[in-house]
Amino acid sequence: MDASSGLASHPHAEHDPHHHDAGHDHHELPFWRKYLISTDHKVIGIQYGITGLIFLFFGFSLMMLMRWQLAYPGQPVPVIGNLLGRMFGPGAMDNGKMTAEFYNSLGAMHGTIMIFLGIVPIAFAAFGNFVVPLQIGAPDMTFPKINMASYQAFFFGGLVMLFSFFVPGGAAKGGWTSYTPLAIISDKGPTYDPIFNGQTLWLLGFILLITSSLLGAVNFIATIIQLRAKGMTWMRLPFFVWAQFVTAFLLLLAFPPLESAIVMQLMDRIAGTSFFMPSGLVIAGAPLHNSGGGSPLLWQHLFWFLGHPEVYVLILPGMGIVAEIIANNTRKPLWGYKSLVFAALVLGFLSFIVWAHHMWLTGMGSVVSAFFQTTTMIISIPSVIILSAFFISLWGGSIRFNVPMLFATAFLPMFGIGGLTGIPLAFNSADLYLHDTYYVIAHFHYIVAPGTIFAVFAGIYFWFPKATGRMMNEFWGKVHFWPSLICMNMIFLPMFLQGMLGMHRRWYDGGQGWTLAGEKVWGLSGFQWNTPISIAAWVMGLAQLPFIINFFWSIKHGKKVDDNPWEATTLEWTAPSPPPHGNFATTPTVYRGPYEYSLPGRETDFTMQSEPMRESDRKAYEAAAAVH
Amino acid sequence: MEIPYTVTARPDTGLWNAKVGIWLFLASEVMLFGGLFSAYVFLRLDAPPGAWPHGLLNVPVGTMNTAILIASSVTVVMAWASLKMRKFRAYWWYMLVTILCGLIFLGVKLAYEWPQKFDHFGAFIKTDALEKYEEYLGNHHLAEKGLAPRTEISGHLHNEEALHDENVKEYEIALDPVNADPANPSMDRPHFLPLPHTDKIAKIEKADVEYANMFLPKHSAYFASYFTITGLHGLHVLGGVIVFTYLWLPFGTKLYKRNPEHLANRVEVAGLFWHFVDLVWIFVFPLFYLL
Amino acid sequence: MNESPEPILADATAEEMSHDEHTAHDVSKHIRGYLMVGATLLVFTAITVALSYFNFGTQKANVAVAMLVATFKAGLVAAIFMHLASEKRMIYRILIFTFFFVFGLFWLTYLAWYDPITR
């Protein structure tokens with residue numbers, strides 16, 4: 001139970017007399033204590049995961065709704081159009097037809113929900129919480145109560161965001177970036193309520209989400225620094241832990257500047273200040289009565305100071321998951337472990353000095369542009385190192401194509417497409433044309449949708465047996481995988497074409513009224529491509545049903561498996577499935593690196609990190625060293 | 001189950017958990033206030049010459065608050081040291097003084113400094129009307145000395161209805177000394193002791209005013225950043241006071257009997273936070289009160 | 001992978017292992033120092049107020065002087081009150097990262113000079 005018992009400086013001093021019963025306490029806890037306000041990292045991880053998946057699907061549903069308007073502009077939304085009209089009023093759905101305001105709300109909230117309520121909670125918080133303490137051999141997080149508070153702040157932040165759909169005027173409409181001054185003046189009609197309006201609630205919800213991320217990040221870093229098991233040196237950490245470590249640092253240091261910006265925007269909306277409002281602003285023909293003296297560009301700087309590290313927050317945990325699964329299913333050590341670790345660190349560092357490449361169109365001076373263009377080019381190097389190491393890891397392996405591996409291998413080309421198509425955007429001359437077109441949408445969705453989300457699915461299929469003691473169904477997993485892969489590409493590949501035609505990402509009519517969207521590519525004009533894209537999006541929604549059913553069905557009826565069904569090497573697989581409160585029956589001690597697959601002289605093709613050294617291992621290492 | 005290293009240090013890092021935690025948290029706080037300060041500098045550099053106000057805050061009171069905060073930093077470190085030497089009585093007194101210092105700081109801010117500002121009025125004059133109000137602005141004198149021009153006329157607003165009523169066409173202001181006697185060289189730089197407004201009444205036509213308001217956050221970029229930063233700083237002071245009160249009340253100190261070292265660690269962590277709050281104020285004070 | 005087979009603890013140095021926790025004796029030696037630092041901070045508060053009524057020629061110079069004094073005071077608080085003068089290596093590492101990023105953040109102010117919209 002006590003991970004420190006093997007160490008000399010065991011904290012005897014504060015030994016609680018009730019300590020010996022502590023291990024049995026959890027059997028008697030009522031349901032709500034055990035699952036709703038638990039301080040156990042595994043329960044919190046699962047809470048994060050399930051809430052995050054619900055938000056992920058909800059955010060995707062918003063997009064499925066928008067795709068109707070893009071494919072069939074001005075036509076009533078079938079089936080649910082009238083129902084939505086009754087829920088949100090004619091300002092949102094006019095006789096079942098989507099209004100421009102509602103379309104904008106859906107767009108802004110799709111971005112916000114997918115990133116901050118979907119991917120970050122799942123990829124970082126859920127997997128991080130569940131897997132990291134197990135992988136480093138810790139009994140829990142360093143601060144279990146703060147961990148619980150982190151989830152609760154996230155949950156209430158999510159509720160505030162959802163609630164904002166129901167206030168007069170609807171949810172935030174200023175895009176997920178909330179650019180000023182547009183965001184500050186939005187909803188400020190005669191019925192303006194300073195608190196209960198979409199944009200203000202967006203800001204308040206965001207403060208809760210940032211609080212949650214900060215508490216989580218502090219906990220993750222402290223856990224990784226302080227609670228590594230005996231023998232778990234930095235260079236023996238699984239790559240997933242490294243990825244989470246860097247991610248936590250990005251969240252810790254990049255989110256607070258955005259929080260300060262959000263406080264300032266909140267002041268602009270509630271107290272009438274002008275942090276982001278320039279002097280002499282004229283709105284709808286009337287000069288705005290405020291002091292001015294602010295700068296819209298300041299918001300963009302502070303927003304993207306978070307915004308760019310956030311991109312790596314989205315992708316790094318995904319890379320970590322993929323690394324674990326690739327090593328496990330190729331049955332050989334991950335290629336270039338050290339280069340991977342250093343690449344992740346460099347990625348984290350550089351991600352803080354590239355932010356202004358989101359702002360080429362603001363007309364920054366050419367010196368600033370040149371600087372950010374250069375750093376942006378440089379940051380592609382560590383990304384390419386990571387991707388190359390994964391590809392080389394596949395070489396010569398006897399790959400097991402189980403469901404997690406299918407998703408993990410699909411991640412590689414998808415992330416590759418996303419990354420390579422980003423290069424034209426990094427050059428400011430090319431970006432002047434491509435900025436704010438569907439090309440940009442396609443580029444970053446390739447990274448986060450078939451990239452990170454596929455990694456997330458891979459992770460769910462991979463660690464599901466650890467969380468429940470049961471496997472998810474293999475066949476239905478494949479039924480989930482193949483349609484998802486095909487639909488993802490059918491959605492996003494044509495968007496590159498649309499973007500290169502110059503179609504703007506925020507057009508409410510899908511481009512019908514614009515000449516340049518009428519140009520034909522492969523037999524369809526720019527806006528006609530919307531229809532196949534939309535159909536692919538809806539099919540993709542359907543393709544998630546096998547996953548949802550499989551997930552819940554397998555919790556109760558999946559095939560029962562032992563503690564290490566994938567024959568993996570890292571510490572989490574030495575714990576019982578599901579691991580009890582406190583995780584390990586005996587405190588693990590670590591003797592070796594994380595990916596000791598196919599070690600010569602061993603009976604099995606996997607050697608766990610907690611396996612003591614033998615003479616044959618020493619010889620194998622020496623032989624390997626001689627070859628290099 | 002028990003989390004290791006809550007009280008004693010992990011041998012290889014030499015640290016106990018909460019120490020790592022608080023430093024990580026402070027790192028994020030550095031970034032939070034860093035964001036606000038960089039916004040302040042950004043806006044200030046952007047402001048046209050003369051538009052950034054000077055000497056509108058009460059320097060003696062600000063200095064006193066600075067001293068109070070520094071004193072509380074000393075007492076909190078003494079409280080921690082007393083616990084380390086297992087002198088509980090001394091700890092209790094030092095902690096009490098710290099809490100009182102925090103409360104006085106907040107009291108001065110909320111009950112005196114801020115309301116004083118809310119009662120003060122300023123009107124920015126349109127560029128083409130500056131000449132008309134030369135007798136209150138003294139820009140000829142300033143130009144001669146190579147100083148930045150004045151664009152604001154401030155003082156006590158006599159007809160407060162002018163703020164809301166569109167039919168009132170002018171503001172009646174009991175002028176601040178700087179506007180009452182603008183060409184006097186002693187008014188070129190702010191005074192240490194704030195001077196009360198004079199009896200001299202100026203009437204300023206609304207048509208000549210670019211923007212006018214009480215000294216509220218919306219008055220200018222200067223007051224916006226002043227109230228936002230000091231407000232957020234005040235919230236931090238309040239948070240510190242709440243944590244200290246918990247560690248001072250019997251509820252928190254009962255830990256002393258069981259494990260004095262654990263309480264000392266908690267006080268150290270809370271103290272680190274408090275010193276950080278002090279450190280932020282060390283920058284707030286010159287940036288807003290003096291420069 | 002071919003690391004030393006003995007389980008070792010990361011980052012451990014002999015110096016840090018011996019330099020464990022402040023003992024009561026250690027702390028009592030520092031008390032005079034804490035009081036001295038407190039007094040120095042108060043004196044420098046007075047100095048910074050006094051200096052602000054003295055013109056160093058340009059506004060830039062005035063700002064530089066005030067910030068220099070503030071940085072010195074902040075440095076004292078951090079080094080002595082917050083024990084940063086003798087902290088563990090891990091804390092320094094965390095703070096070096098932070099310092100780098102805060103530096104990046106303040107670079108915003110430099111960018112302000114390149115802002116063609118409001119300038």
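Chain C contains four helices and zero strands, and along the sequence its pattern reads α-α-α-α. Helices (H or I, at least four residues) and strands (E, at least two) are DSSP runs, numbered from the N terminus. Of the 119 residues of chain C, 25% count as buried. A residue is buried if 20 or more other C-beta atoms lie within 10 Å of its own, exposed if 12 or fewer, and partly exposed in between, with C-beta atoms placed from the backbone.

This is a predicted model, in which local features need pLDDT of at least 70 and side-chain atom pairs count only at pLDDT 80 or more, while totals for chains, interfaces and linings use all residues. Residues are numbered from 1 along each chain as its sequence is written, and chains are lettered from A and ligands numbered from 1 in the order in which they are written.

The contact between chain A and chain B may be considered next. It takes 48 residues from chain A and 41 residues from chain B, where two residues are in contact if their C-beta atoms, placed from the backbone, lie within 7 Å. On the side of chain A that touches chain B, the elements giving two or more residues are α1 (19–22), α9 (198–226), α10 (239–270) and α11 (296–330) of chain A. The most is given by α10(A), with ten residues. By class, the residues of this side of chain A are 27 nonpolar, 17 polar and four charged. Here Ala, Val, Leu, Ile, Met, Phe, Trp, Tyr, Cys and Pro count as nonpolar, Asp, Glu, Lys and Arg as charged, and the others, Gly among them, as polar.

Helix α11(A) also packs within its own chain. Its axis and that of helix α6 (residues 100–136) of chain A come within 10 Å and cross at roughly 40°. Axes are lines fitted to C-alpha atoms, for helices over the stretch in contact, and angles run from 0 to 180 degrees between N-to-C directions. The crossing of α6(A) past α11(A) is left-handed, a term used if the near helix is turned anticlockwise from the far one by less than a right angle, and right-handed if clockwise. From α6(A), residues including A:I115, A:I119 and A:F127 take part, and they meet a group in α11(A) that includes A:V313, A:L314 and A:I321. This contact of α6(A) with α11(A) has ten nonpolar, two polar and no charged residues.

A second pair in chain A consists of helix α14 (residues 403–420) and helix α18 (residues 474–501), which pack at an angle of about 15° with their axes 9 Å apart. The helices α14(A) and α18(A) are therefore roughly parallel to each other; angles under 35 degrees count as roughly parallel, over 145 as roughly antiparallel, 65 to 115 as roughly perpendicular and the rest as oblique. The crossing of α14(A) and α18(A) is left-handed. In the contact, A:V403, A:L406, A:F407 and A:A410 of α14(A) meet A:E474, A:G477, A:K478, A:F481 and A:L485 of α18(A). These residues divide into six nonpolar, one polar and two charged.

Strand β1 (residues 121–125) of chain B pairs with β5(B) in the antiparallel sense over five bridges, and two strands pair if DSSP finds at least two bridges between them. B:F124 stands opposite B:Y211 in β5(B).

Several loops of chain A complete the account. A:F352 is found in the loop between α12 (337–350) and α13 (366–394) of chain A, and this residue is buried, with 21 other C-beta atoms within 10 Å. Leaving aside neighbours within four places in sequence, A:F352 is in contact with A:A254, A:P309, C:F101 and C:G104. A:V79, in the loop between α4 (41–71) and α5 (81–88) of chain A, has a positive phi of about 60° although it is not a glycine. With 9 C-beta neighbours inside 10 Å, A:V79 counts as exposed.
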